[in-house]
Amino acid sequence: MRIPSGRRRHIGIILLLLLALIGCLAVATAIGSVSVPFGDVLKICWNKLLPFDFGPTWRTVDETIILDVRLPRVIGGALVGAGLATAGVLLQGLLRNPMADPYIIGTSAGSALGATAAMLLPISMAFLGFGMVPMLAFAGALSTVFLVYYLARVGGRTPIVSMLLAGFVVSAMLTAFMFLIITISDSLHSRFSSVYGFLMGGVSVSGWGQIAVTAPIILVGIMLARLWSFRLNAFALGEEGAAHVGVEVERNKALFLALGSVLTAAAVSISGLIGFVGLVIPHALRLVLGPDHRIMIPACALAGAAFLVIADTLARTVASPRELPVGIITALIGAPVFLYLLRRGGKEYSL
Amino acid sequence: MSAIEMKRVCFSYSNGLVLRDVELSVRKGEMVGLIGPNGAGKTTLIRVISGILNARQGEVKLDGLDAGRLKRNALAREVAVVPQQFNIPFAYKVEEVVMLGRTPFMKPFRDSSEMDRGVIMQTMDRVGVRQLVGRYFGELSGGERQKVVLAMALAQETGLLLLDEPTAHLDISHQVEMLELLAEMNAKRGLTIISAMHDLNLASAYFRRLVLMKEGAIVADGPPERVLTSSTIAAAYSVSVHIQPHPLTGVPQVVVLPSTAAAERLRHHSVA
């Protein structure tokens, strides 16, 4: 029996997912409360990207809607999905735990507390299109992971079990603290819907400024994760096993943790806490592609992006003009798809 | 040159001393069986040699290089380890597990190559697990798994292989198969092998040199005839045994002697 040469298959899978993502982006950009013909959407994008221009057959207001409103939002959704799915696969691989998701070591509680605090603060300032809420959400997520990592660290090592436990406890504490703030603060009482919006998740990108900041963070994070993915594979052998095949365990653990946390924090800063993407996309793809992170990381990034673009489009259209929290959609589509994959072929799913 | 040179090595966990003044020199191409009661320090010795633990005192040289100063990646090209227990999360296929043995040779922009695939095919052939390609690691029997892990360790292409009781959970036919494989790697490819062994008779049958440990120290070192004597075994394991030469091969074999009371009970039972 021969071993299938992985590379050609990998390239095929990536191309397929890339095409699917581009398709989703195009369709999602065309759909919305103001209907713009699909052909016009493509032409508008073409004109913007390439020197050769089509003559405009559309209203200038349509062009503004497509380029300045919908496109940044759709691309923002793609970035969030890519970041969360990649963070999910990184943490599942690192912790050898299929139940891990991007929020497992405290990023969700930290960012929620940060966002709540920002809503409470009287100051309002914006930086590169980011208000106080996304900035403090980002900072809250990262500082919580630092805190958890520091608390779990004993004698130069950070055992995974300690980290999971510390993450759980710190999350519980920060969440309690957040609800305390909400309960005692009158001004937050009246703004409970914005807190709720953050907790349920929703892509809130209102222009290119936010994309310009989050896109480099998320894209570079995914590329670095892919470059070092062969070391993440070795973590499947356990920490000692990974060391036996030449991986500096503590250094790489810190590295993958940092990558996963930065990706999550960047995603959360423009979307709040969207659940399910980081858990279900890696699972679904692992069932189809196997656990090798060299293919899983790029595949998760692309599939996560496409998935969230679809979910976000549904979130803003199904109950239009009302916008649903995208977290509801991700769970409602994600769960059945996941269950189908789980039961497909009747084979026991080995974790 | 020696594959391993350990001088006055001490190691202690926070709760007590585990290795005391270990002096061990292993020539290239030797096959050494490490024996001793539970808690004697066999696993700790293996972890110190493989660089998982750093000796508190003394020096460990692998192939003339100071093990404490080697980077993990360089160390993984010197010494491969087959651990006692091995489980792997997620549905890894056999060839994917063996490929993990190539990790020390991978780099960020070169993480899969034809050469790596060639090497893992060869090692799977040598160990006799080529027909398992495509199967999930988790679905294999204990004996098959152990051979796949051996293939992974061999894919590291090191000169030194450490094994921690590789036959511990196997039935007798798989135990023999595993040890035959090791003997063959040793004889044909000059692989230096150090293996902790539970079964003294198998150790005696397959290893020309045995190292007996007790309470963190090496108490006997030499051919089975010198290490497996009733007095050394009684001292190390606190059991009384009878040593007799194997009727066909002549290597010493260990026969346990039940206590007088137990023997007495058995005799009554068989008479009745």
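Q: Which residues are in contact with A:His293, leaving aside its neighbours within four places in sequence?
A: In this predicted model, A:His293 is in contact with A:Val89, A:Gly93, A:Ser229, A:Leu232, A:Asn233, A:Pro298 and B:Tyr92, once neighbours within four places in sequence are left aside. A:His293 itself is found in helix H14 of chain A, which covers residues 293-317.

Q: Why is A:His293 called buried?
A: Its relative accessibility is 2%. Buried means under 20%, so A:His293 counts as buried.

Q: What makes the pairing of the side chains of A:His293 and A:Asn233 a polar contact?
A: The two side chains make this contact at 2.8 Å. The cut-off for a pair of N or O atoms is 3.5 Å, with one able to donate a hydrogen and the other to accept it; therefore the pair at 2.8 Å is counted as a polar contact.

Q: Why does A:Ala234 count as buried?
A: A:Ala234 has 0% relative accessibility, and buried means under 20%. A:Ala234 therefore counts as buried. This residue lies in helix H10 of chain A, residues 229-234.

Q: How many residues of chain B and chain A are in contact, and what area do the chains bury between them?
A: On the side of chain B, 40 residues are in contact with 36 residues of chain A. The area buried between the two chains is about 3200 Å², with 62% of it on carbon and sulfur atoms.

Q: What makes the pair A:Glu240 and B:Arg47 a salt bridge?
A: The closest N and O atoms of A:Glu240 and B:Arg47 are 2.7 Å apart. A salt bridge needs a side-chain nitrogen of Lys or Arg within 4 Å of a carboxyl oxygen of Asp or Glu, so this pair qualifies. Across the interface of chain B and chain A, the rule finds two salt bridges.

Q: Which elements of chain B give two or more residues to the side that touches chain A?
A: They are helix H2 (72-78), strand E6 (79-82), helix H3 (94-99) and helix H4 (114-127) of chain B. The largest share, five residues, comes from H4(B). By type, the residues on this side of chain B divide into 22 nonpolar, eight polar and 10 charged.

Notes:
Residues numbered from 1 in each chain as written. Chains lettered and ligands numbered in written order. Predicted model: local features only at pLDDT ≥ 70, side-chain atom pairs only at ≥ 80, totals over all residues. Heavy atoms only, no water. Helix = DSSP H or I, 4+ residues; strand = E, 2+ residues; numbered from the N terminus. Buried < 20%, exposed > 50% of the residue type's maximum accessible area, 1.4 Å probe, protein only. Contact = heavy atoms within 4.5 Å. Buried area = accessible area lost by both parts, 1.4 Å probe. Nonpolar A, V, L, I, M, F, W, Y, C, P; charged D, E, K, R; others polar.
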